[in-house]
Amino acid sequence: MLRFRTILPLACLLGVALFQTATAADPPLKVLIIGGQNNHNWAKSTPYMEQVLNRAAHIQATVHNAPGKDAAPADWDAWQPRFRDFGCVVLDYNGQKWPERVQQDFVAYVREGGGVVVIHAANNSFTGWKEYEQMVGLLWRGRNYGASLYVDDEGRVVREEPNEGRGMGHGGQYDWEMAVRDTEHPITRGMPVRWMHKRDELYHGQRGPAENVHILLTAFSDPAPGRGGTGKHEPIVWWIPYEQGKVVTNVMGHVGELGCMECVGFQVLLNRSCEWAATGACVTPIPENFPTAEATSLAP
């Protein structure tokens with residue numbers, strides 16, 4: 001079902017030229033970011049991602065947060081994101097279920113070709129919303145809820161069925177190494193095959209339908225004392241086609257402090273994921289200060 005592409009790509013020599021052409025001639029890519037509720041500090045992460053995206057001249061990011069926890073019914077009645085006005089929707093939301101009309105509008109948006117980028121704990125949200133779980137594929141759910149995926153030492157995808165194998169969770173926070181598993185995909189093309197990500201939570205054992213999952217990057221979940229991982233290569237960034245739309249999930253981005261989002265790798269992935277989910281192409285180049293296999297790199 002799942003295949004990794006391991007042929008190293010040619011250098012992206014025209015990256016900067018494409019980026020400049022896009023900023024000068026094309027209308028901006030409009031991105032909608034939704035926060036408002038989360039078990040993480042969305043009040044930091046949502047506006048920070050808005051700033052990161054808006055640094056690019058070819059992206060125009062807007063925040064439209066959902067009502068807060070225990071908001072009045074009238075606040076929910078008045079909340080209606082205009083999904084179709086945007087090329088991509090970034091979800092920084094983990095909280096109450098949206099009203100049925102908003103759920104239906106969101107599903108229709110993706111089915112008709114809309115792009116979605118799910119960040120960190122947004123894959124925890126909406127238990128029981130079957131369309132959402134199909135779009136995300138691997139979510140923060142119990143072992144009995146669905147299947148799980150990891151990558152073995154030979155690069156093969158291993159599927160654990162419900163009630164089999166490891167449970168979902170995360171260990172301690174530390175700097176960890178990302179491994180690009182599809183070097184030909186536009187989001188990852190030109191990245192170092194291995195690079196260090198700044199101190200973050202490393203999700204493991206995510207569960208769900210696990211169908212049509214295309215894994216782009218993994219990280220080794222270190223089982224050493226104090227790190228508490230699984231000893232598996234866990235999916236970190238993947239995408240799923242949903243009818244005409246595309247949904248990219250990135251479980252990096254635990255925010256107490258902003259260090260993990262200051263990672264240049266995270267920021268490049270955010271831009272490129274939005275671009276690709278919306279258009280099928282990426283114009284943000286891999287910068288010279290991109291992390292390496294030896295060192296993290298931050299752009300506060």
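How many helices and strands does the protein have? I counted 7 helices and 13 strands. I note at the outset that this is a predicted model.

**Overall dimensions**

I looked up the overall size next. For 300 residues, a compact globule would have a radius of gyration near 19 Å, and the protein has 18 Å, so the value agrees with that expectation. Along the principal axes, the C-alpha atoms fill a box of roughly 50 × 50 × 35 Å.

I then checked burial and surface. Of the 300 residues, 53% count as buried. The accessible surface comes to about 12600 Å², and carbon and sulfur atoms hold 51% of it. Among contacts with a separation of 6 or more, 69% are between residues 24 or more positions apart.

**Helix α2**

Which residues of α2 are buried? I list Ser45, Thr46, Tyr48, Met49, Val52 and Leu53. They cover an arc of only 165° around the axis, so they sit on the same side of α2.

I also looked up what these buried residues pack against. The strands are β1 (29–34), β2 (59–63), β3 (88–91) and β4 (115–119). The helices are α6 (259–262) and α7 (264–279).

**Helix α4**

I repeated the length check on helix α4, residues 100–111. The 12 residues should span 16 Å at 1.5 Å a residue, and the end C-alpha atoms are 16 Å apart, which again agrees.

The buried residues of α4 are Val102, Gln103, Asp105, Phe106, Val107, Ala108, Tyr109 and Val110. Their cover includes the strands β3, β4, β12 and β13 (245–250). Helix α5 (130–136) is also part of that cover. After α4 comes glycine 113, with a positive phi near 115°.

**Valine 136**

I moved on to valine 136, which lies in helix α5. Buried or exposed? Valine 136 counts as buried because its relative accessibility is 0%.

Leaving out neighbours within four places in sequence, I found valine 136 in contact with Val118, Asn123, Trp238, Ile240 and Thr249. For one of these, Val118, I also noted the C-alpha distance to valine 136: 7.8 Å, at 18 residues apart in sequence.

Most residues other than glycine have a negative phi.

I located histidine 120 in the loop between β4 and α5. Its relative accessibility is 1%, so histidine 120 counts as buried.

I placed alanine 210 in the loop between β10 (203–204) and β11. With a relative accessible area of 0%, alanine 210 is buried.

**Aspartate 222**

Where does aspartate 222 lie? I found aspartate 222 in the loop between β11 (214–220) and β12 (233–242). Its relative accessibility is 18%; the cut-off for buried is under 20%, so aspartate 222 counts as buried.

Not counting residues up to four places away in sequence, aspartate 222 touches Tyr174, Arg227, Gly228 and Gly229.

**Cysteines**

How many disulfides does the structure hold? I found 0 disulfides.

I checked cysteine 260 in particular. Its closest cysteine sulfur is in cysteine 263, at 8.5 Å, which is too far for a bond because a disulfide needs the sulfur atoms within 2.5 Å. Cysteine 260 is buried, with a relative accessible area of 1%. I also looked up cysteine 282, which counts as buried at 17% relative accessibility.

How values were computed. Residues are numbered from 1 along each chain as its sequence is written. This is a predicted model: local features need pLDDT of at least 70, side-chain atom pairs count only at pLDDT 80 or more; totals for chains, interfaces and linings use all residues. Side-chain values use heavy atoms; hydrogens and water are left out. Buried means under 20% relative accessible area, exposed over 50%, partly exposed in between (1.4 Å probe, protein chains only). Helices (H or I, at least four residues) and strands (E, at least two) are DSSP runs, numbered from the N terminus. The arc is that of the directions from the helix axis to the C-beta atoms. Contact means heavy atoms within 4.5 Å. The radius of gyration is taken over C-alpha atoms; the globule rule is 2.2 Å times the number of residues to the power 0.38. Accessible areas come from the Shrake-Rupley method with a 1.4 Å probe; for residues, only the protein chains shown count as cover. The expected span of a helix is 1.5 Å times one less than its number of residues.
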